[in-house]
Amino acid sequence: MPRVSTIIYSVRQGGKNLKRNRTFSLASIGTMTACLFLFGIFYFLLGNLQHAIKNAETNMGVTVFFDEGIDDERVRELERLIGERAEVAYVVYISAEEAWERYKETSLDESQIASFGDDNPLENSASFEVHISDVSMQDVLVRYIEGLEGVRLVNDLKGLADTLNSVNRVMRFVTTVIITILAAVAVFLISTTISTGVTVRQQEISIMKLIGATDFFIQAPFFIEGALLGTVGAAIPLLLLYGLYHRIVIFISGKFAGVFGGSMQFLNTEQVFSGLIPVSFGIGIGIGLLGTWLTLKRQLRKFR
């Protein structure tokens, strides 16, 4: 186990190396910041998409609309028939009045509401919200309901879930490509920074080897330098993203409102950053240490 004095020496030398090579250090931190900033944005998107898919599949269920002029007795009979199905968790009746109130709250402003006066344009839109306990049986349930007398239309969220899954796959691919490219650039810049530090300290390292310094003693400051580059490069985008998250959510809500409708529920800040913070620091420090290791492996051979 290294002594405390060795650790203190390594940290001090790592900090000095950053100052000596501040141009390359800033370039490395800037690239790392860009890499992890983009990663954070895609992390927001993917996390919220997966959350939306889960909600769409487990919470929303299917909506059942009735034939025009259907009587109350048949509606109650349909509720009983649907509710008895094994894959159904529960059934909620939504009256035409309640449907109109919901629509006004979510989709209209005061002037638009006033233009309708006392009329209810959804007077024939009473429905059931059927919540499913087994999502895998949704198609079977939809076919059953569609075959019942008095049912006009059955809307399920399979299309929405499929759309979200497709977007999710595309974003995963794009994320992987972009982050891989930026990470490779960051590793290169960190490698250049460390290589410059080795060159500057070439004579010092040669003397240290002659007097018997261990490889760990020589290499530790450079690993500290790489870890510091990764830490700073991760901290900056996290601070920026923390302040931007709510604005990003508002932007996505407006941009994709037509795709998500009113079903898109976003993760709160605590849920997002409880995962993003350790992942970002892990990636940042990991890239810093990888760039350092690759450089030292190559550069220090000349001193053996």
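1. Start with helix α3 (residues 72-83), which lies across β1, β2, β3 and β4 and runs at about 160° to β2. Contact here means heavy atoms within 4.5 Å. Axes are lines fitted to C-alpha atoms, for helices over the stretch in contact, with angles from 0 to 180 degrees between N-to-C directions. Helices (H or I, at least four residues) and strands (E, at least two) are DSSP runs, numbered from the N terminus.

2. Before going on: this is a predicted model, where local features need pLDDT of at least 70 and side-chain atom pairs count only at pLDDT 80 or more, while totals for chains, interfaces and linings use all residues. Residues are numbered from 1 along each chain as its sequence is written, and side-chain values use heavy atoms, leaving out hydrogens and water.

3. Now the sheet. It is open, with four strands in the order β2-β3-β1-β4 and antiparallel pairing (two strands pair if DSSP finds at least two bridges between them). At the edges sit β2 (88-94) and β4 (151-155), each pairing on one side only. On average, neighbouring strands are turned by 20° against each other, direction ignored. Inside the sheet, β1 (residues 62-66) and β3 (residues 127-132) share four bridges; V62 has V130 as its bridge partner in β3.

4. Back to helix α3 for its charges. E77 and R80, three residues apart in this helix, or about one turn, meet in a salt bridge at 2.5 Å, N to O (a side-chain nitrogen of Lys or Arg within 4 Å of a carboxyl oxygen of Asp or Glu). R80 also meets E84, at 2.8 Å. E77 is partly exposed at 27% relative accessibility, as is R80 at 39%, whereas E84 is exposed at 55%. Buried means under 20% relative accessible area, exposed over 50%, and partly exposed in between (1.4 Å probe, protein chains only).

5. The structure holds three salt bridges, one of them joining R85 and E87 at 2.9 Å. R85 is partly exposed at 23%, but E87 is buried at 5%. Shared partners link E77, R80 and E84 into one network.

6. For the chain as a whole, count eleven helices and four strands. Buried residues make up 40% of its 304 residues. Of the contacts between residues at least 6 apart in sequence, 86% join residues at least 24 apart.

7. F173 is exposed, with a relative accessible area of 59%.
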